[in-house]
Amino acid sequence: MSLQQIRNFSIIAHIDHGKSTLADRMLEITHTVEQRKMRDRVLDDMELEQEKGITIKMRPVRMQYKDYTLNLIDTPGHIDFSYEVSRALKAVEGSVLLVDATQGVQAQTLTTLGMAREAGLTIIPAISKIDSPIARTEEVVKELMKLLECKEEDILKVSGKTGENVDKLLEAVIDRVPAPRDEFRGPNDTRALVFDFQYSNHKGVIVFVRILDGSVKKGDELRFAIAQEKFVALEVGVFKPEETATGVLETGQIGYIVTGIKKPGVASVGDTVTQHKFPLPAMEGYTRPVPMVWASIYPESQDDFDDLRLALGRLRLSDSSFTHEEETSGSLGRGFRCGFLGLLHLEIITERLKREFNLDLIVATPSITYEVTYKQGIGSSKGGTTETIYTPSMFPDHGTTTQIREPWMKVQLFAPADYLGALVPLLYDHEGETESTETLSDGRAALVVHMPLRELMRNFFDDLKSVSSGYASISYEMEGMRDADVARLDILVADEPVEAFSRVVSVRRIEEDAEKAVEKLHNILPQQMFKTKIQGYGLGRIISSRTLSALQKDVTQHMYGGDITRKMKLREKQKKGKKKMMERGKGNVNIPNDVFLKMMRTGE
């Protein structure tokens with residue numbers, strides 16, 4: 001196949017701007033999928049994707065249109081998966097920038113556009129949902145003209161629902177996106193960029209690749225340039241959209257390679273596949289995605305611990321962007337500390353564990369990493385050293401550190417200007433620092449804000465949607481580490497700290513958070529046989545306290561009539577017994593699993 005007849009492109013957009021629906025119409029027009037097999041969101045084949053209405057895993061597909069081969073990569077729109085999107089953009093020469101005619105340019109639109117420009121791609125602007133009765137197409141056209149500094153005729157107006165002008169968009173892809181370049185240097189010079197992968201029980205890891213140089217054939221001895229793992233190509237093929245074996249992939253083509261590898265952590269997005277005997281250096285720009293959010297995951301029953309370990313290992317085979325390592329909690333038993341790219345990534349992984357592996361889980365409150373420097377002479381070997389803390393229970397006591405640093409984010413917000421008055425106190429409450437505010441031509445405000453990741457996770461997304469009536473959009477990126485004024489908040493039950501309830505909070509909010517946590521636990525913890533104190537402890541003192549009354553049982557209910565002293569003796573005996581139980585029972589309060597679950601769902 002001639003390189004001049006190949007076009008590789010992706011669709012990039014803010015979440016819920018119609019990428020997958022537009023891809024459906026492309027598959028119909030090019031007859032890639034038979035009409036009888038068509039359904040909504042063909043490329044979103046995960047149950048969670050269909051349920052949530054969002055793309056979680058990118059999907060490549062090969063289409064034949066006229067005399068051209070069009071390789072499309074449908075990418076996720078959520079910010080949590082921006083690293084995977086950035087690597088997918090390295091596999092194509094052009095991108096369709098899709099903007100919803102009813103919403104206009106959003107925060108994630110700018111983020112994905114920036115990644116596409118950084119990759120040097122040809123940008124084809126398109127406006128979707130033009131058939132909607134609330135579409136404001138002409139206003140959005142002006143937004144795009146200003147954003148891209150292009151002419152009105154460069155912008156295509158399409159409808160993924162009706163298929164209007166989708167054929168013109170395909171023509172624009174052929175006309176504007178350049179063909180792949182031939183950088184072939186020798187018969188053994190082979191490089192293929194891994195932009196995604198999945199796992200099959202029978203075939204092992206299947207890597208999705210773009211052939212940059214040379215070719216890959218079935219039976220070739222290959223290796224991962226970064227992981228330094230050797231394997232044999234058991235099968236080579238393309239996506240139509242299901243996997244279809246072709247026996248060979250050549251320069252410029254997008255397809256898959258079956259590796260047969262069945263151990264986790266080998267394949268990763270951004271790695272380079274080369275010939276084993278004639279290896280080439282990896283493609284530049286490879287980095288492993290860094291977890292931003294940490295959460296501890298425990299099985300509800302310790303009998304399921306081995307099943308959870310197996311399930312996490314299996315998920316790692318298809319998603320190397322989360323990490324896990326074993327840990328032990330005094331109250332929850334054995335579990336795993338896991339790192340994720342964001343809160344949505346955490347939600348997706350835990351949902352897959354529950355559905356695909358039928359596990360009942362306890363997910364501890366998500367946290368972030370802190371860098372702490374200990375004081376000299378604190379009475380331990382840590383004096384003067386700096387340590388990275390992953391879990392709140394390991395956070396040092398108040399007064400034992402000289403410096404605490406936490407990750408900060410650069411946040412872009414778009415919201416109607418009418419809601420600015422409500423946004424300002426929200427940003428103050430979440431320790432946001434506003435860098436700039438700009439009013440756009442369509443009456444919306446664009447804000448650039450700097451904020452601790454800790455506060456971004458503290459219900460900021462829900463609060464933002466609430467104060468803006470759902471109209472605000474957000475994107476963010478890691479900015480660096482800054483000094484933090486935070487402390488560990490422990491929850492004591494019967495004078496013993498419960499590790500799973502510990503959290504790191506802002507010093508200025510510690511009293512409020514302690515009151516809320518203690519009150520919530522007081523309301524949901526079952527009564528014990530003795531009075532139980534529930535306390536919030538932080539900054540070296542008890543901040544909040546409630547007492548849970550003991551279970552009441554009338555030990556004289558079986559007695560009818562007789563001398564009153566008989567009943568008094570029984571009640572005195574019960575009183576002494578409860579006193580002994582309280583003395584012996586500290587730290588042995590029965591906390592059911594559903595109490596842990598309800599406390600974790602606090603979102604604070």
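User: What makes S7 and strand S16 a pair?

Analyst: In this predicted model, three bridges join S7 to S16 (residues 272-275). Pairing requires at least two bridges, so S7 and S16 count as paired. The two strands run antiparallel. One of the bridges links Ala 192 with Val 273 in S16.

User: Which sheet do S7 and S16 belong to, and what is the strand order?

Analyst: They lie in an open sheet of eight strands, ordered S11-S10-S16-S7-S8-S15-S12-S13, with antiparallel pairing.

User: Why are S11 and S13 said to stand at the edges?

Analyst: Strand S11 (230-232) and strand S13 (243-245) each have a single partner strand, so one side of each has no neighbour in the sheet. From one strand to the next, the twist averages 40°.

User: How do you know that helix H7 packs on the sheet?

Analyst: Helix H7 (residues 305-318) touches S7 and S8, and contact here means heavy atoms within 4.5 Å. The direction of H7 makes about 145° with that of S7.

User: What makes a group of residues a nonpolar core, and how many residues has the largest one?

Analyst: Its members must be buried nonpolar residues joined through side-chain atoms within 4.5 Å. The largest such core has 35 residues, and Ile 73, Leu 89 and Phe 195 are among those with the most contacts inside it. Strands S7 (191-200), S8 (204-213) and S15 (254-258) are among the elements that each supply at least two of its residues. Helix H5 gives the largest share, four residues. Apart from this core lies another, of 31 residues, including Met 292 and Phe 395.

Note on methods. Residues numbered from 1 in each chain as written. Predicted model: local features only at pLDDT ≥ 70, side-chain atom pairs only at ≥ 80, totals over all residues. Heavy atoms only, no water. Buried < 20%, exposed > 50% of the residue type's maximum accessible area, 1.4 Å probe, protein only. Axes fitted to C-alpha atoms, helices over the stretch in contact; angles between N-to-C directions.
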